[in-house]
Amino acid sequence: MKKIVFLLFFFSLTVISQTKNKSINFTFKVLFETQMSCRAIYIDQDRIWLGMNKGRFGFYDKKKDSTTIQEVALVSNETEFRSIAGTKEAVFILSVGNPAMLIKIDKKTLKQTVVYKEENEKVFYDSMHFVDEMNGFAVGDPTDSCLSFIKTTDGGNSWQKVNCDVLPKVEEGEAAFAASNSNLIVKDKTIFLVSGGKKSRVFVSKDFGLTWKVYNTPIVQGATMTGIFTADFYSKKCGLVAGGDYEKQDQNWSNKAITSDGGKTWKLVGEKQGSGYTSCVKYVPNSKGKKIISVGGTGVFYSNDKGNSWQKISDETTFFAIQFESEKVFYATGKNKLVRFEIQ
């Protein structure tokens, strides 16, 4: 195990964006820079935790203004952790590829424990989320006839894979994308899973995964690298999905859609404007589902009208994932840096 500690040096950049004649001010601060690829970010009271490539995890300490990065001793240095979630006592990171390794990290001691391992040539986990201190879920590509779906009911100490008999069947060529730890969303007891590839659909369970409904979306689909890459739900009814064609990064139509009925029906928004390929979308907290931030292959974009119109707030194309700390502050990460955004 190796430990790297970075002391931080700050600089800021302010961008003003005009949306419907209203000035939107954003302040940027680069918290640290290092060689990394990061698609998984989790925020608790004191730290911003990151799941990273090269078999590593890290965190930025907001009080100490420092960053710690550690190798996970139980995996190879080729391992990528693209899923992350946490409870009060621990952070959990889940790797992509074979074997799937789910590591529990004690927040105080940083002790690492393997709590789930799965060996299969098709295994590839994409996203993980804790609902409360006891219940958590993770979703991945199919190894059988359904999306892989594992759960814990004891705070992450043990995990079980759900049998395909109780999950919806996937279509040939349908899978999920590990773009930003955001294709699994839970609101109360309602679980939303999103897919891409040959089909681009939304899987909805209103009873913590006991029963499921599947709904089609108008998001571009049909090729291996098309479909929904990211989703967010403001409530059980109000949600959005985004993505597009990874191989056509500038295509900004048929790549953003919203629902107002819990995923049953979807409406395309922001056609031929806003982001092209989108890696992550998030609702701004306490915005009544009107304000949205997206990052991806064409920059950082902002909407204040439920995605119908968009303004570019940054040309940065190397952010993969974002997470809000509050309605004013969010963090963005991806290639080689962690950045703090503040909405003025």
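Analyst: The torsion about the S-S bond of Cys146 and Cys164 is about -80 degrees, so the disulfide is left-handed. The model is predicted: local features need pLDDT of at least 70, side-chain atom pairs need pLDDT 80 or more, and totals for chains, interfaces and linings use all residues. Residues are numbered from 1 along each chain as its sequence is written, and side-chain values use heavy atoms, without hydrogens and water.

User: How many disulfides does the structure hold?
Analyst: One. A disulfide here is a pair of cysteine sulfur atoms within 2.5 Å. Cys146 and Cys164 sit at S to S 2.0 Å.

User: Which parts does the pair tie together?
Analyst: Cys146 is in the loop between strands 12 (136–140) and 13 (148–152), and Cys164 is in the loop between strands 14 (160–161) and 15 (174–175), so the linked parts are 18 residues apart in sequence. Strands are DSSP runs of E, at least two residues, numbered from the N terminus.

User: Is Cys146 buried or exposed?
Analyst: Buried, at 2% relative accessible area. Buried means under 20%, exposed over 50%, partly exposed in between (1.4 Å probe, protein chains only). Cys164 is buried too, at 11%.

User: What stands opposite Cys280?
Analyst: Val295 in strand 26. Strands 25 and 26 (292–296) pair over five bridges.

Note on methods: Pairing = 2+ DSSP bridges. Helix = DSSP H or I, 4+ residues; strand = E, 2+ residues; numbered from the N terminus.
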